[in-house]
Amino acid sequence: MSELRKQESVDDTKKIVHTYPLLRHTDMSEEMKTETMELIVTACEKHQTNNESAARVIKETMDKRYGATWHCVVGEAFGFEVSYEVKNLLYMFFAGNLAIAVWKCC
């Protein structure tokens with residue numbers, strides 16, 4: 001009986017890994033936010049082993065859709081502080097601990 005309780009407490013402390021996009025912050029319009037999140041999910045699923053390639057695809061697509069000077073960071077365990085145009089920033093997590101920051105610079 002005590003072994004069953006120990007097993008239950010161990011199961012309760014396991015980390016929960018999210019496989020869906022988790023939006024942390026954005027000031028984009030609803031339409032732009034939706035399109036950007038779909039683009040990010042597609043790029044990250046296609047380039048699962050290469051964050052640099054995923055970031056390049058995201059940046060180039062955003063440049064084509066919304067004009068030049070977009071920046072993108074894809075990775076784990078990073079912080080950032082950037083200057084950006086208002087209504088052009090998105091920060092989200094995908095597949096657990098993969099963070100993505102996309103912003104347009106002045």
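Visitor: What is the bridge partner of Phe 94 in strand 4?

Guide: The partner is Leu 98. This is a predicted model, in which local features need pLDDT of at least 70, side-chain atom pairs count only at pLDDT 80 or more, and totals for chains, interfaces and linings use all residues. Residues are numbered from 1 along each chain as its sequence is written, and side-chain values use heavy atoms, with hydrogens and water left out.

Visitor: How many bridges join strand 3 and strand 4?

Guide: Six, in the antiparallel sense; strands are DSSP E runs of at least two residues, helices H or I runs of at least four, both numbered from the N terminus, and two strands pair if DSSP finds at least two bridges between them. The two strands form a hairpin with three residues between them, and Ala 95 in the turn has a positive phi of about 55°.

Visitor: And which residue stands opposite Trp 70?

Guide: Lys 104 in strand 4. Strand 2 and strand 4 are also antiparallel, over six bridges.

Visitor: Are the faces of strand 4 covered or open?

Guide: Both are covered: Leu 98, Ile 100, Val 102 and Lys 104 are buried on one side, and Ala 99, Ala 101 and Trp 103 on the other. Buried means under 20% relative accessible area with a 1.4 Å probe, protein chains only.

Visitor: Turning to helix 3, which residues are buried there?

Guide: Ser 53, Ala 54, Ala 55, Ile 58 and Met 62. They pack against helix 2 (30–46), strand 2 (70–75) and strand 4 (98–104), where contact means heavy atoms within 4.5 Å.

Visitor: What follows helix 3?

Guide: Just after the helix, Gly 67 takes a positive phi of about 90°.

How values were computed: Buried < 20%, exposed > 50% of the residue type's maximum accessible area, 1.4 Å probe, protein only.
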